[in-house]
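Take a moment to look over the chain before reading on. The paragraphs below go from the whole to its parts.

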Amino acid sequence: MLQTSNHLTRVTLPVITAPMFLVSSPDLVIESCKAGIIGSFPTLNARTVDILDDWMKRITEELDEARQENPHNEPAPWAVNLIVHRTNTRYGDDLERIKKYCPPVVITSLGNPGPVVNIVHEYGGLVFSDVSTVKHARKAAQTGVDGLILVCNGAGGHAGTINPIAFMGAVKEFWEGIAILAGCITNGQDILAAEALGADFAYMGTRFIATAESFASSGYQEMLINSTLEDLIYTDVFSGVKANYLVPSIRKAGLDPENLQDKVSMDFSNKAEGDAKAWKDIWSAGQGITTIKHVLPVAQVVEQLQREYEAARNALLEKHRKMAPGV
């Protein structure tokens, strides 16, 4: 399954907790890694560079301690997500923190990952680039990234529009590196399905909003577990890029989801219509929300995913056994 790097051999379940703006916390990262999956967070979740420095120092130290305490069961690697778009005014400062703390995986979004690749490869790390079109996947591949995150239709946040089967097939025509699939992956069976399509990892965000360690408010979590995919709207009004949002959160903010005004420009200032703020008041989720019913600690979520994954794999093997000639 795993194609490169000693970092990735420490993963016990092929899952990356997707970096979620205003949701992913240092605790979510640390507990994900301790549970055997790659934990990640966006650098911009830390309101200042000094806070980011504190977070990265804490994650590094706590995972090192866990490794020393139990060398036979090392935590999975951790990751940070860096916006490489020119409108990210903190790009340079955040990149300096990446140089300082050397996260094993760096996830790039919304821009050319090339300069980041050079820096991360110098200390032996990996760079994954999230892409939502075949065109962008080709461009990212040419910069020397180690992995492509294929953001498909139905994903939370800035979702793509391509069917995962079609997207994976198209990218595999020219890509032999690590492939990560994102979009509507909620349970262990979904993880197995992603592998069947050729993915090395499943990229899971929405499922981890409903965890005790996330920054999501209790109101956000309650709304998420009480919603279904029919409660989502795909629009570019709130950030300038199309994303999936919870309709009840739009109504709660005093807006009419069926009569939204023209989109606002993307400037990462977290602004939306009126007094409501994108991501803070207008909440996002992916189409897999229907099956999310409880808020649990990360460790319990990963245990559940592992059970579901093993059950799905065993059921598939049994089905193939019964279909085999002579059985």
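The chain exposes about 15000 Å², and carbon and sulfur atoms supply 48% of that area. Accessible areas here come from the Shrake-Rupley method with a 1.4 Å probe; for residues, only the protein chains shown count as cover. This is a predicted model: local features need pLDDT of at least 70, side-chain atom pairs count only at pLDDT 80 or more, and totals for chains, interfaces and linings use all residues. Residues are numbered from 1 along each chain as its sequence is written, and side-chain values use heavy atoms, with hydrogens and water left out.

Now the charges. The chain carries 29 positive and 38 negative side chains. Lys and Arg count as positive and Asp and Glu as negative, while His and the chain ends are not counted. The centres of the two sets lie 3 Å apart. For this, a charge is placed at NZ of Lys, CZ of Arg, CG of Asp or CD of Glu.

How does the overall form look? Along its principal axes, the C-alpha trace spans about 65 × 45 × 40 Å. A compact globule of 327 residues would have a radius of gyration near 20 Å; the chain has 19 Å, which agrees. That radius is taken over C-alpha atoms, and the globule rule is 2.2 Å times the number of residues to the power 0.38. Of the 327 residues, 51% count as buried. Buried means under 20% relative accessible area, exposed over 50%, and partly exposed in between (1.4 Å probe, protein chains only). Contact means heavy atoms within 4.5 Å. Among contacts between residues at least 6 apart in sequence, 64% join residues at least 24 apart.

The secondary structure comes to ten helices and ten strands. Both are DSSP runs numbered from the N terminus: helices (H or I) have at least four residues, strands (E) at least two.

Start with strand E1, residues 15–17, where Thr17 has its place. Thr17 counts as buried, because its relative accessibility is 1%. Beyond its neighbours within four places in sequence, Thr17 is in contact with Ser32, Ile37, Ile38, Gly39, Ser40, Met204 and Phe208.

Leu22 is not a glycine, yet its phi is positive, about 65°. Most residues other than glycine have a negative phi. With a relative accessible area of 27%, Leu22 is partly exposed.

Cys102 also has a positive phi, about 50°, and is not a glycine. Its place is the loop between helix H3 (91–101) and E4. Cys102 counts as partly exposed, at 32% relative accessibility.

Next comes strand E4 (residues 105–109). E4 pairs with E5 in the parallel sense over four bridges. Two strands pair if DSSP finds at least two bridges between them. Val106 has Val127 as its bridge partner in E5. Why is E5 (residues 126–131) largely enclosed by the rest of the structure? Five of its six residues are buried.

Finally, turn to strand E10 (residues 243–246). Strand E9 (residues 232–235) runs antiparallel to E10, and four bridges join them. Tyr234 has Asn244 as its bridge partner in E10. Ala243 and Tyr245 point one way from E10, Asn244 and Leu246 the other way, and all are buried. In helix H8 (residues 218–225), Tyr220, Gln221, Met223, Leu224 and Ile225 are buried. The buried residues of H8 pack against E10 and helix H9 (247–252).
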